[in-house]
Amino acid sequence: MADRRESRVGYSLPIQMPTVPSPITDDHIELTERTATTRQVPSQDRSQVYRSQVSRRRHNNQGIIENPLAHLTDEELQEDVAFFWRTCLPAVDQADLLRAARVAQNVRKYDEVSRSKDPKAGQNLPVRLSAEEKSALKAEKDDLFSQRNMFVVVLTVSLAAFLQGFVQSSINGASLYAAEFGLPDVISSRLMASATAAGTAAHFDNTPHPDDWKLGATNASPFFFAALLGCWLSLAVNDLIGRRGAIAVAACLIFASSLASTWCSSWIALLLVRILNGIGMGLKAVSTPILASETAVGFWRGSFILAWQLWVAFGIMIGFAFNLIFYNASSDKLSLQLILGAPFVPSIFLMIGLWFCPESPRYYMRQRTSSYNPQKAYDVLIRLRKTRLQALRDVYLVYKAVQLEEYSDDFDRNDHSGRIPRGFFAHIKKYASQYKQLFTQRRLRNALISSSIVALAQQLCGINIFAFYSGTLFSGVSGRQDRLLPMIYSLGYGAINFVFGLPAIRTIDTLGRRKWLVLTLPVMSLLMLAAALSSLIGDPEKKAGIIALFVFLFAATYSPGMGPIPFTLASESFPLSHREAGCAFAIAINLLFAGLIQMFFPSIYAGLHDGGSLGLFAGLDLLAFALVFLLVEETKRRSLEDLDLVFAVRKRDFVRYQLVSYLPWFFRRYILRPCRMCMCLCLGRAAGLRVDEEKPSLYVELIWNGPRTAQADVGDGNGNGIGIGIGYHGDKESGPPSYPRRPTMGSMVPGSIARASVDSDDSAHR
């Protein structure tokens with residue numbers, strides 16, 4: 001039996017593959033009909049088609065989104081499945097694996113069969129689905145919770161996220177006891193009482209304190225070390241012990257640092273202890289969303305990754321609640337110790353949850369690594385999916401997609417030996433090469449740009465000034481030194497952040513990541529600006545209440561959009577070979593700027609006060625909106641492997657599409673058309689009313705919105721139905737997409753069918 005660790009790059013047929021894919025010069029797109037028996041394609045043509053698929057995953061200038069199995073004939077599919085079965089999955093039934101591969105190749109046909117009311121539907125197809133399989137295929141697309149065994153993974157992800165939020169609220173609450181470490185409180189040191197006839201009033205000292213940076217550095221140290229050490233180490237840790245192992249290491253580090261921080265008596269000691277906390281936070285912030293993204297079904301991946309941000313918010317809320325409870329301790333020192341040590345409890349629950357959580361199946365599908373073992377990946381998937389058919393389909397699709405990814409990789413193209421790195425320096429070279437390729441390859445660079453922009457935008461929007469310094473901020477707004485009122489405000493902020501994150505469940509996969517961001521960022525800017533202007537109110541009590549209202553509305557708007565999407569994009573945008581490296585880079589940017597805000601906000605607040613600080617972030621919200629609109633792609637309802645084709649489209653083509661195609665369409669559809677309709681109705685005429693203009697699209701969707709041919713495979717069982725051509729031959733890589741030409745054995749495909757909308761709901765096949 002062949003070594004399972006070796007990767008066979010290309011078809012399992014004896015096709016001589018060139019070392020470097022040659023460019024494709026065909027200036028046409030040819031549609032081919034796929035039936036149970038197809039014409040034989042010469043080896044040279046098959047090689048050219050395969051090279052076209054490989055090249056498209058690196059330079060997808062036509063925006064074609066296609067199935068990795070699209071160009072395999074049924075004979076080729078059988079031979080490839082036989083090879084995969086012999087070398088990787090000998091323990092399963094080969095006939096079952098072939099059934100799953102055929103379903104994977106013709107996903108649209110079998111989806112229609114599963115939805116058909118006709119009991120004879122699909123009888124002419126190579127695979128006849130059982131009633132259980134039909135129900136499962138339909139449910140995985142329609143029902144968010146169809147994969148019941150995913151609850152173990154969701155619970156583990158939720159515990160890890162809860163711990164992250166609890167740690168943040170612990171840092172927040174400890175800031176109110178800065179004097180216990182000999183540090184100046186940014187508020188209390190500036191609130192100076194002056195007697196008045198009505199009692200005691202307070203005014204603010206504008207002079208920055210020379211020790212402001214100490215409080216900021218102490219609070220920022222976990223985020224700095226998470227960004228500068230924890231995130232980068234996650235690549236090596238994930239490679240060696242997997243996603244679950246990396247989360248376990250993170251839980252142990254946070255457990256140790258939480259206990260140690262309770263005995264710190266100086267700010268320097270606390271800063272050093274929080275280094276361990278930061279490394280654990282970085283490992284966990286990278287590994288946990290990846291675990292969620294790699295185990296979920298493609299249709300609902302965003303909702304499962306959403307558990308991370310949702311339960312971070314819940315952890316912040318519960319942490320603030322415990323801060324209120326600890327406020328009533330017998331002394332300030334005891335209150336501080338309880339606040340700092342409390343995160344050790346959820347870290348214990350996380351370690352227990354990891355015992356029952358499976359490893360990511362895609363971790364075992366990383367070819368040319370010591371962990372490559374498709375049998376283990378299948379064993380995990382059979383636990384997570386409802387049927388054997390779905391588990392075999394997913395493991396085979398990932399196997400084929402990873403072949404295309406690795407063959408299209410510059411580093412791997414120069415080394416087809418399949419050798420696994422051995423030794424410390426070989427691994428260091430491998431990791432350095434991965435980080436370098438993030439900047440040198442278009443597909444990786446585009447994903448890095450998009451995920452990093454959204455990660456940065458989360459910090460630019462200003463949400464973490466409330467997560468980290470809500471107590472400090474509300475103390476300054478109200479003009480009171482009492483710690484109780486700021487803690488109550490902070491608890492309200494945490495509760496709103498959690499509750500309003502709930503609407504993003506399901507809608508993050510139906511409405512989409514990009515649309516949530518584009519809708520919420522302008523509103524967040526307006527609400528932050530309103531809070532800034534409210535600081536001009538003279539009455540401290542009224543001012544505190546009104547600013548708190550706008551801050552709570554801001555948090556409510558943030559929660560379903562900018563809250564969950566940065567970690568979602570970071571964990572799903574990169575191919576399996578570079579997922580940890582790309583995710584680590586994006587999240588490191590997020591945590592680094594979180595640390596910078598932690599460190600410098602006390603000084604910013606001292607200089608700009610309430611209105612200036614809030615106004616600054618209102619402007620940054622508008623900047624974030626512009627960057628997201630121009631540069632961030634939509635990733636909803638696509639498989640992780642299909643995103644290779646999305647991010648391989650040139651970024652300048654994407655920007656041009658937004659400015660030249662989408663914006664004019666939006667203006668005509670939502671501004672000119674309503675105005676024209678109103679004018680026509682007022683004048684009593686209907687001549688000016690037109691049918692809705694179709695939304696333009698950047699991509700040519702062939703998986704779910706490909707052409708239908710006259711050869712029926714799905715119908716009434718008598719051949720009266722429809723078939724789907726699912727392949728393209730040739731690829732013109734020199735310009736924007738054009739309509740298909742020179743159809744073979746099929747019919748011409750209208751642009752409305754072949755070119756699917758960016759917002760299509762039917763764009764994932766697993």
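Ser603 is partly exposed, with a relative accessible area of 32%, where partly exposed denotes the range between buried (under 20% relative accessible area) and exposed (over 50%), computed with a 1.4 Å probe on protein chains only. This serine is located in helix α23; helices (DSSP runs of H or I, at least four residues) and strands (runs of E, at least two) are numbered from the N terminus. Between the C-alpha atoms of Ser603 and Gly216 the distance is 8.5 Å, although 387 residues separate the two in sequence.

The model is predicted, with local features requiring pLDDT of at least 70 and side-chain atom pairs counted only at pLDDT 80 or more, whereas totals for chains, interfaces and linings use all residues. Residues are numbered from 1 along each chain as its sequence is written, and side-chain values use heavy atoms, with hydrogens and water left out.

The chain contains 26 helices and 8 strands. Of its 766 residues, 61% are buried. Contacts (heavy atoms within 4.5 Å) between residues at least 6 apart in sequence join residues at least 24 apart in 83% of cases.

Two helix pairs illustrate the packing. Axes are lines fitted to C-alpha atoms, for helices over the stretch in contact, and angles run from 0 to 180 degrees between N-to-C directions. Helix α23 (residues 579-631) packs against helix α20 (residues 513-534) at an angle of about 160°, the axes being 8 Å apart. The two helices are therefore roughly antiparallel; angles over 145 degrees fall in this class, those under 35 count as roughly parallel, 65 to 115 as roughly perpendicular, and the rest as oblique. The crossing of α20 and α23 is left-handed, a term that applies if the near helix is turned anticlockwise from the far one by less than a right angle, with clockwise giving right-handed. On the α20 side the contact includes Arg514, Leu517, Leu521, Pro522 and Met528, and on the α23 side the residues include Leu614, Phe617, Asp621, Phe625 and Phe629. By class, the contact of α20 with α23 has 17 nonpolar, 3 polar and 2 charged residues. In this classification Ala, Val, Leu, Ile, Met, Phe, Trp, Tyr, Cys and Pro are nonpolar, Asp, Glu, Lys and Arg are charged, and the others, Gly among them, are polar.

In the second pair, the axes of helix α2 (residues 74-87) and helix α3 (residues 94-105) come within 10 Å and cross at roughly 130°. Helices α2 and α3 are therefore oblique to each other, and the crossing is right-handed. Residues of α2 including Asp74, Leu77, Phe84 and Trp85 meet residues of α3 including Leu97, Leu98, Arg102 and Gln105. The contact of α2 with α3 comprises 8 nonpolar, 3 polar and 2 charged residues.

The structure holds 24 aromatic pairs, defined for rings of Phe, Tyr and Trp (its six-membered ring) with centres within 6.5 Å; planes under 30 degrees apart count as stacked, over 60 as edge-to-face and the rest as tilted. The ring centres of Trp308 and Phe567 are 5.6 Å apart and the planes lie at 50°, so this pair is tilted. Distant parts of the chain are linked by the pair, since Trp308 belongs to helix α9 (residues 301-327) and Phe567 to helix α22 (residues 565-572), 259 residues apart. Trp308 is buried at a relative accessible area of 2%, and Phe567 is buried at 7%. A further tilted pair is formed by Tyr396 and Tyr399, with ring centres 6.2 Å apart and planes at 35°. These tyrosines are 3 residues apart in helix α13 (residues 388-407), a separation of about one helical turn, and both are buried. Ring pairs also link Phe162, Phe166, Trp311, Phe314, Phe322, Phe326 and Phe498 into a cluster.

Trp308 is also among the residues touched by Gln164, together with Met281, Lys284, Ala285 and Val312, not counting residues up to four places away in sequence. Gln164 is found in helix α6 (residues 151-175) and is buried, with a relative accessible area of 3%.

Most residues other than glycine have a negative phi. Arg506, in helix α19 (residues 504-510), has a positive phi of about 80° and is partly exposed at 36% relative accessible area. Arg637, in the loop between α23 and α24 (643-647), has a positive phi of about 55° and is buried at 5%.
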